[in-house]
Amino acid sequence: YIWKRFMNPHDKTYRELMDDYKKEPMFHHKEQIMTVTDMAKDEWFSDERLLRRLIFENPVKKFELERGYKFKNYYNDCLDRALWIFDRDKLFNHGYLNAHCPRPYHCSIEEMAPLIEYINTTYP
């Protein structure tokens, strides 16, 4: 129900939805599905950014939990697939708030080994 409320509240066809998703960006060019991927130029489509626009256009009741970021630079508090470099000691001392893992998983198993070990050790 909630998903439909902001993804397709007007019961558009698949084609109509795709045309909507191609329209001019509201907040950032990465929310547009036609953005051509060019990692060297920091250009790619971001589903998270599209969802932000859709939630803004089709508001639903929501709440946000305070995440507790200590630094202005999000990468100091999070493990992120864009910069999958982290401090193992900080990880095992509960120094990160969340993780956005590299994808696809089967290509990133070695990179993610410390995180998997942490999860298995902390939450057996």
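**View 1. Arginine 81 and its salt-bridge partner.** At a relative accessibility of 30%, arginine 81 is partly exposed in this predicted model. Arginine 81 pairs with glutamate 48 in a salt bridge, and their closest N and O atoms are 3.2 Å apart.

**View 2. Glutamate 57 and lysine 23.** A salt bridge joins glutamate 57 to lysine 23, with 3.2 Å between the closest N and O atoms. The two residues come from distant parts of the chain, 34 residues apart: glutamate 57 is in helix H3 (residues 47–57), and lysine 23 is in the loop between helix H2 (14–21) and H3. Glutamate 57 has a relative accessible area of 28% and is partly exposed. Lysine 23, at 35% relative accessibility, is partly exposed as well.

View 3. In general, side chains of opposite charge can pair when their charged atoms come close. The model has nine salt bridges in total.

**View 4. Aspartate 20 and lysine 12.** The closest N and O atoms of aspartate 20 and lysine 12 are 2.5 Å apart, and the two residues form a salt bridge. Aspartate 20 has a relative accessible area of 24%, so this residue counts as partly exposed. Lysine 12 is partly exposed too, at 29% relative accessibility.

Key: Residues are numbered from 1 along each chain as its sequence is written. This is a predicted model: local features need pLDDT of at least 70, side-chain atom pairs count only at pLDDT 80 or more; totals for chains, interfaces and linings use all residues. Side-chain values use heavy atoms; hydrogens and water are left out. A salt bridge is a side-chain nitrogen of Lys or Arg within 4 Å of a carboxyl oxygen of Asp or Glu. Buried means under 20% relative accessible area, exposed over 50%, partly exposed in between (1.4 Å probe, protein chains only). Helices (H or I, at least four residues) and strands (E, at least two) are DSSP runs, numbered from the N terminus.
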